[in-house]
Amino acid sequence: MPLPEIITELKAKYPDIEVSGEIVTVPLNQLTQLMTELKEKHGYNFLTNVTAVDYPPDYFEMVYNLSVVGAPDMIQVKTKVDRNRPEVPSMVPIWGGAIWQEREIYDLLGITFTNHPDLRRILLDDNWEGHPLRKDYQWEGGRE
């Protein structure tokens with residue numbers, strides 16, 4: 001099914017999503033359901049990457065890039081996460097490759113992934129204080 005038809009179908013099923021071209025912004029409480037549908041029904045079988053962006057003081061934005069192996073089809077899914085309670089459902093049960101990327105986001109931005117099988121720091125020491133990719137992170141000789 002071509003992407004415009006997929007988008008039309010998703011908008012009918014998830015009226016709260018926002019769409020801009022190949023970018024779908026979904027409320028956090030519908031993220032897992034939408035991602036499962038994109039994989040199982042529409043064939044988006046590869047999580048190309050996942051990252052997060054800090055928009056202080058209000059929220060983080062999770063960004064998921066999905067593709068279909070062997071095809072040019074790509075879609076980007078975004079969701080806003082409350083900065084004061086940064087929790088997102090883990091995508092590891094859907095895409096096993098999310099395991100390392102979610103750990104990196106947890107380590108550097110402090111976003112917790114619920115139901116992640118091994119959520120712990122991946123780049124920094126366990127005793128490191130703070131999350132260096134947050135825009136309010138203070139470091140010696142750095143941001144003021």
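Two strands are said to pair if DSSP finds at least two bridges between them. Helices (H or I, at least four residues) and strands (E, at least two) are DSSP runs, numbered from the N terminus. The model is predicted, so local features need pLDDT of at least 70 and side-chain atom pairs count only at pLDDT 80 or more, while totals for chains, interfaces and linings use all residues. Residues are numbered from 1 along each chain as its sequence is written, and side-chain values use heavy atoms, with hydrogens and water left out.

**The sheet**

- An open sheet of mixed pairing is formed by five strands, in the order S1-S2-S5-S4-S3.
- Its edge strands, each pairing on one side only, are S1 (18-20) and S3.
- On average, neighbouring strands of this sheet are turned by 20° against each other, direction ignored; axes here are lines fitted to C-alpha atoms, for helices over the stretch in contact, and angles run from 0 to 180 degrees between N-to-C directions.
- Strands of a sheet pair through backbone hydrogen bonds, either parallel or antiparallel.

**Strand pairs around S5**

- Strand S2 (residues 23-25) and strand S5 (residues 74-82) run parallel and are joined by three bridges.
- Val-24 stands opposite Val-77 of S5, and Thr-25 stands opposite Lys-78 of S5.
- S4 and S5 run antiparallel, with nine bridges joining them.
- Tyr-59 has Asp-82 in S5 as its bridge partner.
- The hairpin of S4 and S5 has six residues between the strands, and Gly-70 in this hairpin takes a positive phi near 85°.

- Helix H3 (residues 98-109) lies across S3 and S4 and runs at about 10° to S3.

**Backbone features outside the strands**

- A cis peptide bond, with omega near 5°, leads from Pro-56 to Pro-57.
- Pro-57 belongs to the loop between strand S3 (46-55) and strand S4 (59-67).
- Asn-115 is found in the segment after strand S7 (112-114), and its phi is near 70°, a positive value in a residue other than glycine.
- Asn-115 counts as exposed because its relative accessibility is 71%; the classes are buried under 20% relative accessible area, exposed over 50% and partly exposed in between (1.4 Å probe, protein chains only).

How values were computed
Contact means heavy atoms within 4.5 Å.
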